[in-house]
Amino acid sequence: MKLLKQFIQQETVLTAAAVLAVVSAFFVPPDVQYLGYIDLRTLAILFSLMTVMTGLRRQGFFDGLGRALLSRTHSTFQLTLVLVGLCFFGSMFITNDVSLLTFVPFTFVVLSRLGADVRRSLLIPVVCMQTIAANLGSMLTPIGNPQNLYLYGKSGMSIGGFVLLMLPYTLVSLFLLLAWAAMVCRKASAALSVDELVSSSSASQGDQKIILLYLVLFAVCLLSVIRVLPYGIAFAAVLVCALFADPHTLRAVDSSLLLTFVAFFIFIGNLGRIPAFSGWLQEFLTGREVLVAVLASQVTSNVPAALLLSGFTAETQALIIGTNLGGLGTLIASMASLISYRQIARELPQGKKQYFGLFTLSNLIFLAILLGVWFLLR
């Protein structure tokens, strides 16, 4: 019983998705149509990308990138730009989750080398900025987050069309983050010792051959995302290479996310076969796709919201906008945000309330501004 309770606490979204799938099976008994619910392309590419990113992170590739950028910083403003920029631009290619898993702990190590006053004034605002930056930077590309990968595949858009759709929101977000960083660093201006910063973040070098292998596999994954290569080839290449060259990485891949997708696919497929519900939801969504996606994300997070709503509307581009903007707002609007909160709770427990307050306020401000941009562009 204790293990079950612990599992539910750690995998709340997966548990909820599994319960919904099981309950829906009572209304639509399992049959051969269940096989058609599962989007194998999304699952295969998601697994491939997660494996590659997990492998690169385990080899210290992203830490090395951060150290290289830190070597060029000479002020708190430059330092903040590097730490936030790593999350903003990194999330476009390595996903918002991996960005925060990598660069938030990295930030704690780096800022620990600063004076107590500067560290105290920077730590919570910088981590908050990093979290928002990862969620907003990831919206520019199909591989930035799981819901983008799924909706991109469902939409049939070109990668250029996807980027152009989200570019205005990304540019506005970047401007807002720059302005915020400037405001924070005006209160905590200080010169920095490059040697201290770089040495504070030193880490063992990874296996260069393994890193090169993963970079090649990442290119293969991108080719499958843009439909140049069949997704099965990318999946097989990643699985075989990781199995023989780096089997420990396969055990570190977040399988719970894949299982969550499967459970939601079953739940959504069953809902679509209940005429009364599917008809009502389709009618309710029509013309309100962006706003409903934003609101749904606040209580379910944006990945489940994308999976659920995509089964009842053909306006996939509106869902792309809505679920990306919907990652702002509550702490669970994007599950990636919990990564930063847990890090703060572990490393700076006395700062949890301050972080939560700043996080909520800044998210609501960003959300209001970006919704205003959507209103002007629609």
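**View 1. The loop that holds S75 in the predicted model.** S75 is placed in the loop that runs between helix α4 (61-70) and helix α5 (76-94), in a structure that is a predicted model throughout. T95 has a phi near 80 degrees, a positive value in a residue that is not glycine, and T95 is found in the loop between α5 and α6 (96-111). The relative accessible area of T95 is 16%, so T95 is buried. S301 likewise has a positive phi, near 80 degrees, and is a residue other than glycine; S301 belongs to the loop between α16 (289-300) and α17 (302-309). Since its relative accessibility is 1%, S301 counts as buried.

**View 2. The salt bridge between R273 and D31.** The count of salt bridges comes to two, and in one of them R273 pairs with D31, the closest N and O atoms being 2.6 Å apart. The pair links distant parts of the chain, 242 residues apart, with R273 in the loop between α14 (255-271) and α15 (275-285) and D31 in the loop between α2 (12-27) and α3. R273 is partly exposed, with a relative accessible area of 29%, and D31, at 31% relative accessibility, also counts as partly exposed.

**View 3. The salt bridge between R58 and D246.** The side chains of R58 and D246 meet in a salt bridge with an N to O distance of 3.3 Å. This pair, too, links distant parts of the chain, for R58 is in helix α3 and D246 is in the loop between α12 (231-245) and α13 (247-252), 188 residues apart. R58 counts as partly exposed at 42% relative accessibility, whereas D246, at 7%, counts as buried.

View 4. A search of the whole structure finds 14 aromatic pairs. One of them joins F103 and F106 in an edge-to-face arrangement, with 6.4 Å from centre to centre and 75 degrees between the planes. Both residues lie in helix α6, three residues apart, which is about one turn of the helix, and F103 and F106 are both buried. The rings of F261 and F265 have centres 5.9 Å apart and planes at 70 degrees, so this pair is edge-to-face as well. F261 and F265 are four residues apart in helix α14 and are therefore separated by about one helical turn. F261 counts as buried at 0% relative accessibility, and F265 counts as buried at 4%.

**View 5. An aromatic cluster.** The residues F277, W280, F284 and F312 form one aromatic cluster.

**View 6. Helix α20 and its buried residues.** Helix α20 covers residues 352-377, and at 1.5 Å a residue its 26 residues should span 38 Å; the C-alpha atoms at its ends are 37 Å apart, which agrees. The buried residues of α20 are Y355, F359, S362, N363, F366, L367, L370, V373 and W374.

**View 7. The largest pocket and its lining.** The largest pocket has a volume of about 1200 Å³ and is lined by 49 residues, of which D97, D254, S256, L257 and M335 lie nearest its centre. Helix α3 (residues 40-58) contributes the largest share of this lining, six residues. By class, the lining of the pocket has 30 nonpolar, 14 polar and five charged residues.

View 8. The structure holds one cavity of 30 Å³ or more, and the volume of the largest cavity is about 30 Å³. The lining of this cavity is made up of N96, N135, S138, N145, Q147, N302, T323, N324, G327 and S334. By class, these lining residues divide into 10 polar, no nonpolar and no charged.

Key:
Residues numbered from 1 in each chain as written. Heavy atoms only, no water. 1 Å grid on protein atoms, 1.4 Å probe; cavity = no way out; pocket = protein on both sides within 12 Å on 5 of 7 lines; lining within 4 Å. Points joined across faces, edges and corners; volume = space filled by probe spheres on them. Helix = DSSP H or I, 4+ residues; strand = E, 2+ residues; numbered from the N terminus. Nonpolar A, V, L, I, M, F, W, Y, C, P; charged D, E, K, R; others polar. Expected span 1.5 Å × (residues − 1). Buried < 20%, exposed > 50% of the residue type's maximum accessible area, 1.4 Å probe, protein only. Salt bridge = Lys/Arg side-chain N within 4 Å of Asp/Glu carboxyl O. Phe/Tyr/Trp six-rings, centres within 6.5 Å; stacked < 30°, edge-to-face > 60°.
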